[in-house]
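Let's take a walk through this one together. Have a look at the fold, and then we'll stop at a few places in it.

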Amino acid sequence: MGVKAGPAEVPSPPRRVLLAPSPRSRELGMDLGTLAVLWLSGVALIYLLWQVPHLPAWGQRQSARSPAHGPHPAWEPLGGERQGPDSCRLLLVESTPQDLPYAAGSPSAQPLAQAWQQLLDAAQESVHVASYYWSLTGPDIGANDTSAQLGEALLRKLQQLLDRNVSLAVATSHPTLVRNSTDLKALEARGAQVRRVPMGRLTGGVLHSKFWVVDGLHVYLGSANMDWRSLSQVKELGAVIYNCSRLARDLEKTFQTYWVLGAPRAVLPKHWPGNFSTHINRFQPLYTRFDGVHTTAYFSASPPALCPHGRTRDLDALLAVMRGARQFLYVSVMDYFPTTRFTRPARYWPALDNALREAAFGRGVRVRLLVSCWLHTDPGMFPYLRSLQAFSDPEAGISVDVKVFIVPVGNHSNIPFSRVNHSKFMVTERAAYIGTSNWSEDYFSSTSGVGLVVSQRAPAGEPGRGTVQEQLRQLFERDWSSPYAVGLDGQAPGQDCMWQD
């Protein structure tokens with residue numbers, strides 16, 4: 001799940017342009033007049049873009065007989081763009097750990113395993129996956145448990161995908177948390193393209209993103225890694241967007257940043273080439289209709305070094321959603337630290353903490369923070385949570401409540417790194433944010449992550465039509481009001497967060 005190990009503490013190398021003009025170009029440039037220099041500059045830029053390793057993209061399919069390894073995979077173009085207007089549709093998806101029942105009639109989202117299977121069934125040309133690590137079978141972690149069947153079925157579906165000549169490209173973090181996993185080797189043997197991105201060397205973090213782009217048309221984004229436990233033993237939340245090529249192609253650009261950096265000897269560019277830039281961001285979101293509902297949407301990314309021109313930084317997206325809240329601001333996240341976590345000495349980092357306090361104090365927004373508590377929770381988090389809770393002052397109209405969510409372990413103690421609420425989302429009356437990052441400084445400064453910001457307005461005369469922020473609010477309140485959400489007063493300092501029967 002990527003929930004224990006943190007970004008590697010590796011210093012970033014000096015950042016250089018990805019590829020430079022040849023020495024011969026520079027030599028000629030010194031002897032020519034101003035006009036010739038400008039001309040050569042244009043040639044040099046074209047040369048730079050041409051030398052960027054070929055990226056798998058929508059509308060391309062890998063030849064089944066092409067080499068599965070190496071920096072320059074062979075791709076067979078399929079032709080032009082898909083024709084016709086988008087008919088965008090968004091569904092919230094979640095996974096609920098086994099033996100975690102909710103009250104009858106509680107709101108719910110589509111099961112994540114079902115949504116992933118449907119995306120693969122719909123794939124016709126390409127599937128691009130960014131994931132922290134892969135562990136889809138029980139033997140990967142030495143576990144013999146029937147709950148691994150959903151992950152194993154997904155791996156078979158991916159293999160069948162390749163058998164019907166749909167290309168599969170994977171960007172994953174290097175080194176990996178799961179050293180015994182054979183998933184990617186099995187997929188590479190059938191023709192999948194895999195790049196292992198050394199984010200520690202490049203930015204000092206890890207590739208912690210979790211998203212899919214299917215056919216340049218459909219998207220999944222959320223908290224779940226490519227891990228069988230994410231489907232049956234861990235609580236996850238995400239979103240699937242169908243038939244929305246403008247958003248899918250925009251998220252594809254973030255996938256391509258990983259793909260380039262996964263090439264041999266890749267270095268961070270000082271300036272990303274223009275084909276990585278975007279015009280869809282928090283200042284100019286995509287404005288369209290999702291199932292007839294007026295919708296604005298955009299993707300954010302972290303760290304800043306992986307945000308080409310126009311891309312909203314993930315931290316800025318979170319802060320913008322917070323600033324827009326006027327009634328309520330609900331957050332569900334696994335870890336909450338207003339500090340760095342994986343650098344020494346630790347630094348104080350109050351950006352998100354201050355924004356929560358400002359919303360409650362300055363605008364009278366009702367703030368609720370739901371943080372995960374499990375076997376591997378760092379007890380150093382609780383003083384920060386108690387400080388935030390103590391900021392609440394009902395008599396002064398300041399409402400800040402904090403709870404921890406504990407997934408009962410039950411008879412699943414044989415499964416390591418499971419039984420936790422791994423979700424990372426925020427919702428206000430105006431917008432929904434679904435992301436992949438925990439809340440501490442490192443996830444926004446050195447580790448890769450992505451976020452989706454969506455705001456919907458129900459049609460006039462249809463007040464009962466549920467917007468995505470209304471649906472997400474209902475899921476949050478279901479968790480908040482459940483017996484698994486415990487107030488800080490009932491959580492002793494240093495308690496190991498094991499469920500007490």
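How many residues lie between β9 and β10 in their hairpin? There are three, and aspartate 215 in that turn has a positive phi of about 60 degrees. Before going on, keep in mind that this is a predicted model, where local features need pLDDT of at least 70, side-chain atom pairs count only at pLDDT 80 or more, and totals for chains, interfaces and linings use all residues. Residues are numbered from 1 along each chain as its sequence is written, and side-chain values use heavy atoms, with hydrogens and water left out.

Back to β9, which covers residues 211–214. (Strands here are DSSP runs of E, at least two residues long, and helices are runs of H or I, at least four long, all numbered from the N terminus.) In a regular strand, side chains alternate between the two faces of the sheet. In β9, Phe211 and Val213 sit on one side and Trp212 and Val214 on the other, and all of them are buried. Buried means under 20% relative accessible area, exposed means over 50%, and partly exposed is in between, using a 1.4 Å probe and protein chains only.

Strands count as paired if DSSP finds at least two bridges between them. Strand β5 (residues 126–131) runs antiparallel to β9, joined by four bridges, and β10 (residues 218–222) also pairs with β9 in the antiparallel sense over four bridges.

Next, hop over to glutamate 236 in strand β12 (residues 236–242). Glutamate 236 is buried but has no salt bridge, and the nearest side chain of opposite charge, lysine 424, is 6.4 Å away. A salt bridge would need a side-chain nitrogen of Lys or Arg within 4 Å of a carboxyl oxygen of Asp or Glu. What glutamate 236 does have is a side-chain polar contact of 3.1 Å with serine 230.

Last stop: the structure's one disulfide, a term for a pair of cysteine sulfur atoms within 2.5 Å. Cysteine 88 and cysteine 244 form it, with their sulfurs 2.1 Å apart. Cysteine 88 lies in the loop between β2 and β3 and cysteine 244 in the loop between β12 and α8, so the pair ties together parts 156 residues apart in sequence. Both cysteine 88 and cysteine 244 are buried.

Note on methods:
Lys and Arg count as positive and Asp and Glu as negative; His and the chain ends are not counted. A polar contact is a pair of N or O atoms within 3.5 Å; within protein, one must be able to donate a hydrogen and the other to accept it, and residues adjacent in sequence count only if both atoms are side-chain atoms.
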